[in-house]
Amino acid sequence: MASSVLVSLIVLLSFYGFQVDGKVDRYAFNIVENGTSVNEQVEVDVEKQTEVIRVPQHNDVDAVEILNDFEAGLSARRLPASKNCYVSKLDSSVPSPAKLKLDMDQQSTLPDKETTKTTGWSVVGFADRSALPEKILDFCGSFPIYNVEEVPLDSMNVSLHRDSDHRRKKRWSSDYWPCAFADIAKMDSCLKKVGHNAVKLFCKYFGTYSYYKAFCTQQQIQAGGNLAPGVLPGYVCSRYGIGYYVNYVGICCSPIC
């Protein structure tokens with residue numbers, strides 16, 4: 001599988017939104033992916049500055065629950081199948097709860113654009129529970145909590161293979177974890193022999209999950225412009241789209257040169 005990891009999809013999307021107790025806005029996506037119906041749930045709490053995405057197991061990916069905590073600047077991913085929870089810094093590209101709510105409320109037509117993003121995550125050790133906010137601890141529950149760092153899968157030629165071996169050794173750079181101690185010296189040798197652009201990586205992972213996110217591109221409103229019924233002042237979606245996010249957890253790699 002190449003580093004771009006092309007995903008063949010036939011996606012039909014419908015959704016509806018409803019509000020509970022005036023604080024949490026809840027939305028439900030119905031997505032048909034490769035013939036499989038997937039019901040994704042999204043919860044937005046503007047007051048508490050949190051977003052929760054829940055996706056069931058489907059096709060060859062695991063079930064996942066994702067919490068974006070904007071007050072703490074952290075994301076937590078809870079994987080019921082492996083009974084683990086993974087925490088990382090919140091990606092700056094994730095829309096705020098207020099923006100996400102507006103996107104979802106304005107979304108009324110089938111998106112006209114689809115983008116795919118693939119990310120790898122390396123486990124760097126146990127998280128310090130005493131340093132985590134209560135919202136993250138409650139979300140992860142009794143599951144062990146690990147810190148993870150993003151691996152840039154598109155920076156080298158990468159082939160991905162699922163593996164059940166969770167053991168990880170020292171990493172040879174800030175980006176990759178070797179699958180065996182000998183891979184550290186082998187990477188150094190490959191870099192000297194063929195250079196960074198020619199090194200290929202055979203990578204293993206022990207968990208994968210995916211989710212969808214609807215978005216709209218905001219359009220500036222001309223002064224005195226007429227708004228359609230229900231459209232908020234200063235916020236008009238000029239184009240709708242949907243993002244498909246594929247994530248591989250527990251990446252380790254062996255170099256090939």
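Trainee: What kind of model is it, and how are residues numbered?
Mentor: The model is predicted: local features need pLDDT of at least 70, side-chain atom pairs count only at pLDDT 80 or more, and totals for chains, interfaces and linings use all residues. Residues are numbered from 1 along each chain as its sequence is written, and side-chain values use heavy atoms, with hydrogens and water left out.

Trainee: Back to α3, then. Which of its residues are buried?
Mentor: D183, M187 and C190 are the buried residues of α3. They lie on the same side of α3 because they cover an arc of only 65° around the axis, the arc being that of the directions from the helix axis to the C-beta atoms.

Trainee: What covers them?
Mentor: The cover includes strands β11 (200–205) and β14 (252–256); contact here means heavy atoms within 4.5 Å.

Trainee: And what comes just after α3?
Mentor: G195 follows, with a positive phi of about 90°.

Trainee: New topic: how many aromatic pairs are there?
Mentor: A search of the whole structure gives 5. Rings of Phe, Tyr and Trp (its six-membered ring) pair if their centres lie within 6.5 Å; planes under 30 degrees apart are stacked, over 60 edge-to-face, and the rest tilted. Y205 and Y248 are edge-to-face, because their ring centres are 4.7 Å apart and their planes stand at 70°. Y205 lies in β11 and Y248 in strand β13 (residues 236–249), so this pair ties together parts 43 residues apart in sequence.

Trainee: Are Y205 and Y248 buried or exposed?
Mentor: Y205 is buried, at 9% relative accessible area, and Y248 is buried at 6%. Elsewhere, the rings of Y212 and Y244 have centres 4.7 Å apart and planes at 35°, so that pair is tilted. Y212 is in strand β12 (residues 207–219) and Y244 in β13, 32 residues apart.

Trainee: Which ring does the charged end of R77 sit over?
Mentor: The ring of W121, 4.3 Å from its centre. The criterion is NZ of Lys or CZ of Arg within 6 Å of the ring centre and within 35 degrees of the ring normal.

Conventions
Buried < 20%, exposed > 50% of the residue type's maximum accessible area, 1.4 Å probe, protein only. Helix = DSSP H or I, 4+ residues; strand = E, 2+ residues; numbered from the N terminus.
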